Amino acid sequence: RLQADKHKYEKVAPALAVNEVAIRRALERIAFIMQCTHSISIKPAQLQQICDADMCKQIGFHGIWEENADGNLCFIHNNYREYLAACWLNRLSINEIIGFISWPGSAPAVRPSWMNVVAYLAKKRTARDLRDWIAEHDPCIITLFEKQLFSESERLEIFERIYEIHETNQTWANIDYYQRKKMGAFASSSNAVAYILDKLSKYTHMRQVKNLLRILAHFDELYEHVDDCRMIIGDIAFDVSLPTHVRNDAIDVMRAFPQNFSDFVDKAAEHCLASEDSLHRYHLYSFIDKLGKLDEYFDVIINELKQPNKDDDTIDITRSLFLDDLFKRIQSPDSLVKLFELVIENPDCIDEDPFKKAWNDLLQVAIYHHKTHSNAITPIVLKLFCVAEHRFCMQLINSIKQYMIATNTEEAFLTLIIGNDDVRDVYAVESLLCPSFTSVLIEYYNADKLPESKLLENVLARLSSGNEACSAL
């Protein structure tokens, strides 16, 4: 921007073009003072204390500098102030720089207000001293670096330095998911993948293996190292001698690049069925789901549903998340029938929160497939009704009622109600006696097809006083 202004002023104000270096240094000094005082604007009187009157006038002609509504002067964007402050800092020694940008104490870290300045300074400073300090004390700062400003070799050098310091000190890369995501995007390159694979192949320290796996999962791609990744990452993911949490991180890499690891799906399903660790199963399941293979490996889901619940006072968050996510994925009629069969065999499932939240959606899927798969779905829904009736699960009974009405299967349900000895609860039956049911009852009666049923007599007797259809019947 300063260069553009210079070309304009060469014609209309030659003095400004001549004084470009002096003007830039003045702006850097102003920006540095504003940064130190946490100011986004400066009063004209304060500006005159920093620069002489002639320089103040010349600065005013430049496009990066403007007057705000309060009559104070400021940069048109904070990035100009932060960049120019970094230029001023670059003249100082590393110890002086650290004194300005970091908190004092035994665990130094960059002050939040200086983070963007440090990001610009890391690119501008040719000496490695600042990057080494960042790698050791506050590696999260690189998540603020603009990737396009650094060459691939510079980004690799910064990433390697961070890893080497953590490896030497045997410490965690103390960054959260979003920072790992940004760090992975910043470091992503073919040479960085090669560097990580070389370290992973040596299995040096599990802490560092986890550090690298967690970053690799957020790379843009695996570049030309797919085969090596499949071999090394696959070995870690399914090596039962390694800690489960390490294998989970390897599975996360596979989940991030599912198509590169698609032939590991059989092994993932096998380990999922064999594992007793709910979190490990969840990671394996997520990998299978990423490949869109959930229906093909429905035994994985059935296995999870058969896992014993914890004590009543304990909430298994992993299991709950697993099931919540799972029910959203069930779309095929075969998977739906298998799920309903499992519930019928294990009726305690009905009382689990994920099931309670999912019944309506699951029955909507059943309605969707009714036309093409009614022979498979309707009988299993009828059986599911019996289980719901015994468990007093009115939410499921109401969802089944919606299925019955939407699919015109009232007659099948009526036959079940009055002819099945398993259905004995008058109140559950009453809940199904909606107008469409009573009309079917009357049709049965008129056609002399209504069988004798003590249950039905009791239900109708209770309703006859307030229901015209039942009274007529």
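This is a predicted model: local features need pLDDT of at least 70, side-chain atom pairs count only at pLDDT 80 or more; totals for chains, interfaces and linings use all residues.
View 1. Helix α6, which covers residues 78-89, and helix α8, which covers residues 115-124, pack at an angle of about 50 degrees, and their axes are 8 Å apart. On the side of α6, the contact is made by N79, E82, Y83, A85, A86, C87 and L89, while α8 contributes N116, V117, Y120, L121 and K124. Sorted by class, the residues in this contact of α6 with α8 comprise eight nonpolar, two polar and two charged ones.

**View 2. The rings of F159 and Y195 form an edge-to-face aromatic pair.** The structure holds 17 aromatic pairs, and one of them joins F159 to Y195, with 6.2 Å from centre to centre and 75 degrees between the planes. Because F159 lies in helix α10 (residues 152-169) and Y195 in helix α12, the pair ties together parts of the chain that are 36 residues apart in sequence. F159 is buried, with a relative accessible area of 4%, and Y195, at 11% relative accessibility, also counts as buried.

**View 3. The rings of F340 and W359 form a tilted aromatic pair.** The centres of these two rings are 6.2 Å apart, and their planes stand at 40 degrees to each other. F340 belongs to helix α20 (residues 333-345) and W359 to helix α21 (residues 353-368), so that the pair links distant parts of the chain, 19 residues apart. Both F340 and W359 are buried.

**View 4. Four aromatic residues are gathered into one cluster.** The members of this aromatic cluster are F32, W88, F100 and W114.

**View 5. S190 is a buried residue of helix α12.** Helix α12 covers residues 190-200, and S190 is found in it. The relative accessible area of S190 is 14%, which is under the 20% limit, and S190 is therefore classed as buried. Leaving aside residues up to four places away in sequence, S190 touches E152, Y223, E224 and H225.

Methods: Residues are numbered from 1 along each chain as its sequence is written. Side-chain values use heavy atoms; hydrogens and water are left out. Helices (H or I, at least four residues) and strands (E, at least two) are DSSP runs, numbered from the N terminus. Buried means under 20% relative accessible area, exposed over 50%, partly exposed in between (1.4 Å probe, protein chains only). Contact means heavy atoms within 4.5 Å. Axes are lines fitted to C-alpha atoms, for helices over the stretch in contact, and angles run from 0 to 180 degrees between N-to-C directions. Ala, Val, Leu, Ile, Met, Phe, Trp, Tyr, Cys and Pro count as nonpolar, Asp, Glu, Lys and Arg as charged, and the others, Gly among them, as polar. Rings of Phe, Tyr and Trp (its six-membered ring) pair if their centres lie within 6.5 Å; planes under 30 degrees apart count as stacked, over 60 as edge-to-face and the rest as tilted.
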